[in-house]
Amino acid sequence: MLRSFSLSRPALSSHSKGPAFRRFLSQEARGKIQAAVQASPVVLFMKGNPQMPQCGFSRAAVQVLEMQGVPQQKLKTYDVLEDSELRSAIKEFSEWPTIPQIYVNGEFVGGCDILLGMHQSGELESLLEQHDIIPKIPEEPSS
């Protein structure tokens, strides 16, 4: 976990003008998150953990990754409920306002809605195969 995570500036209050996640991450915080998203082929910032998700969207993201056959050794998860600074900072880092957030090979993919759409269209399987996260299934020759 990113327990030593710290930001140099306090969050804007909900009474301020503009998005609450526009705080400008310190270089140190940005570096820690960058290292985290590159630590594993698939990284999921979620509420709870894969064994006990704490929201339906996080549960759905975990289920999609399981259906795609993402091996546990290629998946790293971070529980944003354990670290309020991480919960705010990851939103600014990705410029995406919701949790869960999925990264593949260090690149932001999206949230639950994007992941579900990619799963349904076959794009997620292609992306995971392209990055050797799941094995490519050979196409059967047509007769």
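Modeller: Helices (H or I, at least four residues) and strands (E, at least two) are DSSP runs, numbered from the N terminus. This chain has five helices and six strands, and along the sequence they follow the pattern α-β-β-β-α-β-α-β-β-α-α. Residues are numbered from 1 along each chain as its sequence is written. The model is predicted, with local features needing pLDDT of at least 70 and side-chain atom pairs counting only at pLDDT 80 or more, while totals for chains, interfaces and linings use all residues, and side-chain values use heavy atoms, with hydrogens and water left out.

Biologist: Which residues of helix H4 (residues 112-121) are buried?

Modeller: Buried means under 20% relative accessible area and exposed over 50%, with partly exposed in between (1.4 Å probe, protein chains only). In H4 the buried residues are Cys112, Leu115 and Met118. Seen down the axis of H4, these fall within an arc of 130° (taken from the directions from the helix axis to the C-beta atoms), so they line one face of the helix. On the other side of H4, Asp113 and Gln120 are exposed.

Biologist: What do the buried residues of H4 pack against?

Modeller: Contact means heavy atoms within 4.5 Å. The buried residues of H4 pack against helix H2 (56-67), strand E5 (101-104), strand E6 (107-110) and helix H5 (123-130). Just after H4, Gly122 takes a positive phi of about 95°.

Biologist: How much of the whole chain is buried?

Modeller: Of its 143 residues, 41% count as buried.
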